[in-house]
Amino acid sequence: MRRISVFGATGSIGESTFDLLMHQGGLKSFHTVALTAGRNVARLATMARALHAEVAVCADETCLPALRAALAGSGTEAAAGPAALAEAASRPVDWAMSAIVGVAGLQPGLLALQQGATLALANKESLVAAGPLMLATAAAHHARILPVDSEHSAIFQALTGEDIAAVERIILTASGGALRDWPLSRLAQAMLADALAHPNWSMGQRITVDSASMFNKAMEVIETREFFGIEPAQVEVIIHPESLIHAMVGYHDGAVMAHLGATDMRHAIGYALNWPTRQPLPVARLDLAAIGALTFRAPDLARYPALRLAREVMAVRGLAGAAFNAAKEVALDKFIAGAIGFMDMAGLVEATLDKVSTEASLAKAATTLEDVLGMDQLARRLANQAG
Ligand code: NAD
Ligand code: MG
């Protein structure tokens, strides 16, 4: 029986993963080793009982008594705190889902790779902050990373059976987010509620705001470069309001392979769960006649400075991705708190990258977890001082 773990089981991606595990037979099909959460004890315990998990871990240490009580008599071990999370992520599995949000997801993913696991990677911060470290760790331990971000799953699928050397370009589609039809002059006044009205995907608050600002797409451009090992100039972004094409791969004979599907993360999660086979998935089927038309337009860099910043980050590489991600998180927190405006986020990130470069080398290679987390802390501190 396949041994699996889910890191970040109670989040949006974690819930969809749990749904698919249950859909594919639950504990009859999978031996669940570890399920982890931040602090949602009740939901974690319910999942652990349903899958007979070996261990359930809350990242927050103070949750331990409640988790123990919730798991009493279940046979699942209760644990909490950073050391327990690392121990659980180090237990050998065949497949692990990396679905913790933020840079906190980096270490559990690395630990799973060190055990040779196949890592289904939803946590985009891992590749943005530490792409070379993730790939080197996978290679050193004969482990595999399968992308779960929908665009990267789409690219991965469009590359199946192809030679990466024949790839001319990779085109990421972007919905344009909630504010895509606002006049540029009004964007500075956009409030949180405006940025949250995402046209196509139902996601958490943070990633929805990141969609409106295209910081999410900027992260995905960096992810693409790191994961598929192509040059930054080969990664393009196009606004595709219908969000039905998730990404396209253009080959040097002029062919473009597009991946289409419903806007449901269970497709990408299910693909990674069943790879290298395809299994039936409970996602909506596209009715192309009803959809009628797919439209595209070039992104305006004045509206989306995050896309320009991604290019600068890729040019430096090294620890610049870690600094970029951390500064973006602080800027997002400040926007959500109402402390800065929508268009101030990119300015804060840019100012932070400038400041960081006076204190540390952004170009230093991201070779250890400590380097990456050190840069993350520095960039957070400077971003917080900035605004
Ligand atoms: P989420 O906020 O819904 O869930 C995050 C999970 O991580 C929860 O289980 C939470 O309890 C746990 N967690 C939070 N902070 C933690 C910490 N410090 N330590 C340990 N655990 C912690 O997030 P999500 O939307 O499921 O996204 C997860 C990851 O997948 C993110 O990196 C996101 O960018 C990426 N992603 C999400 C989507 C989507 O549709 N939601 C799509 C593509 C990629
Ligand atoms: Mg995505």
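The lining of the largest cavity divides into 7 nonpolar, 3 polar and 3 charged residues, where Ala, Val, Leu, Ile, Met, Phe, Trp, Tyr, Cys and Pro count as nonpolar, Asp, Glu, Lys and Arg as charged, and the others, Gly among them, as polar. This is a predicted model, in which local features need pLDDT of at least 70 and side-chain atom pairs count only at pLDDT 80 or more, while totals for chains, interfaces and linings use all residues. Residues are numbered from 1 along each chain as its sequence is written, chains are lettered from A and ligands numbered from 1 in the order in which they are written, and side-chain values use heavy atoms, with hydrogens and water left out.

**The largest cavity**

- The whole structure holds 3 cavities of 30 Å³ or more; a cavity is a set of points, on a 1 Å grid over the protein atoms alone, where a 1.4 Å probe fits but cannot get out.
- The largest cavity has about 70 Å³ of space, a volume being the space filled by probe spheres set on points joined across faces, edges and corners.
- Its lining (residues with an atom within 4 Å of a point) has 13 members, and Val128, Glu226, Arg317, Gly318 and Gly321 are the closest to the centre.
- At least two lining residues come from each of α6, α10 (215-228) and α13 (305-316); helices are DSSP runs of H or I with at least four residues, strands are runs of E with at least two, and both are numbered from the N terminus.
- Among these elements, α6 gives the most to the lining of the largest cavity, with 5 residues.
- The largest cavity lies between domain 1 (2-147) and domain 2 (153-386), because both give residues to its lining; the domain bounds come from an automatic or database assignment.

**Ligand 1**

- On the backbone side, a polar atom of Gly11 is 3.1 Å from an oxygen atom of ligand 1, and an N or O atom of Ser12 lies 2.9 Å from an oxygen atom of the ligand.
- The side chain of Glu125 places an N or O atom 2.7 Å from an oxygen atom of ligand 1.
- The protein buries 80% of the 830 Å² that ligand 1 exposes when taken alone, with areas from the Shrake-Rupley method and a 1.4 Å probe.

- Of its 17 lining residues, His267, Arg278, Leu281, Val283 and Arg285 are the closest to the centre.
- Both β11 (256-260) and α11 (265-274) give two or more residues to the lining, and α11 gives the most, with 4.

**Backbone details**

- The peptide bond from Trp275 to Pro276 is cis, with omega near 10°, and Pro276 is found in the loop between α11 and α12 (288-291).
- Ser243 is not a glycine, yet has a positive phi of about 55°; Ser243 is in the loop between β9 (235-239) and β10 (245-251).

Definitions and conventions:
On a 1 Å grid over the protein atoms alone, a cavity is a set of points where a 1.4 Å probe fits but cannot get out, and a pocket is an open set with protein on both sides within 12 Å along at least five of seven lines; lining residues have an atom within 4 Å of a point. A polar contact is a pair of N or O atoms within 3.5 Å; within protein, one must be able to donate a hydrogen and the other to accept it, and residues adjacent in sequence count only if both atoms are side-chain atoms.
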